[in-house]
Amino acid sequence: DNSPEFIPKCRTCRRQAREQSGEGDHHEGLSSDEELTAAEVDEFQKSKDNVLEDSRKIFEDVHADFCDIRKILLKFQEWKEKLPDSYCDAYISFCLPKLLNPLIRVQLISWNPLEQNFTELEEMPWFRAIEEFSDAENVSESK
């Protein structure tokens, strides 16, 4: 029954049950269904820590020239300057998003825009590197 009279009764019953059980950390306005227990929060944090630890190991055996976005883009910039015809024939501008995707995703694993002190995407090193590469590419195309 979703009648307006039923909803306050349920809330009152849940509030009384929380008061009797000693659970005083309920935030008014939130559904008790949305609240996580301490065990669930602990399990989530452990799972998150494991994912972050695993993400640090992904590129540990990769040469620095091939896991740093700035260095990768520098190689492509050199290619474009030295062999512009070959660079255009390879459709590099279409390949770069797929090439850089895994590197960016690893860097975004711990990014949470809902946190109070999160870093804006535009401030991240990979974003700046791509922006600089795009600016350099646009300047060379205008020449």
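Mentor: Let us begin with accessibility: a residue is called buried under 20% relative accessible area, exposed over 50%, and partly exposed in between, with a 1.4 Å probe and protein chains only. This is a predicted model, in which local features need pLDDT of at least 70 and side-chain atom pairs count only at pLDDT 80 or more, while totals for chains, interfaces and linings use all residues. Residues are numbered from 1 along each chain as its sequence is written, and side-chain values use heavy atoms, with hydrogens and water left out.

Trainee: How many salt bridges does the rule give?

Mentor: Side chains of opposite charge can pair when their charged atoms come close. The rule asks for a side-chain nitrogen of Lys or Arg within 4 Å of a carboxyl oxygen of Asp or Glu, and by it the count comes to three.

Trainee: Where do Asp42 and Lys46 sit relative to each other?

Mentor: Helices are DSSP runs of H or I with at least four residues, strands are runs of E with at least two, and both are numbered from the N terminus. Asp42 and Lys46 are four residues apart in helix α2 (residues 38–57), so about one helical turn separates them, and their side chains meet in a salt bridge at 3.5 Å, N to O. Lys46 counts as exposed because its relative accessibility is 51%, whereas Asp42, at 39%, is partly exposed.

Trainee: Which residue forms a salt bridge with Glu53?

Mentor: The partner is Arg56, with the closest N and O atoms 3.1 Å apart. Arg56 is exposed at 55% relative accessibility, while Glu53 is partly exposed at 37%.

Trainee: Which parts of the chain does the pair of Arg70 and Glu132 link?

Mentor: The side chains of Arg70 and Glu132 meet in a salt bridge of 2.6 Å, N to O. This pair links distant parts of the chain, with Arg70 in helix α3 (residues 69–82) and Glu132 in helix α6, 62 residues apart. Arg70 is partly exposed at 39%, and Glu132 is partly exposed at 44%.

Trainee: How many aromatic pairs does a search of the whole structure find?

Mentor: Rings of Phe, Tyr and Trp (its six-membered ring) pair if their centres lie within 6.5 Å; planes under 30 degrees apart are stacked, over 60 edge-to-face, and the rest tilted. The search finds five such pairs. Among them, Tyr91 and Phe94 form a tilted pair, 6.0 Å centre to centre with 40° between the planes. Tyr91 is exposed at 53%, as is Phe94 at 61%. Ring pairs also link Phe76, Trp79 and Tyr87 into a cluster.
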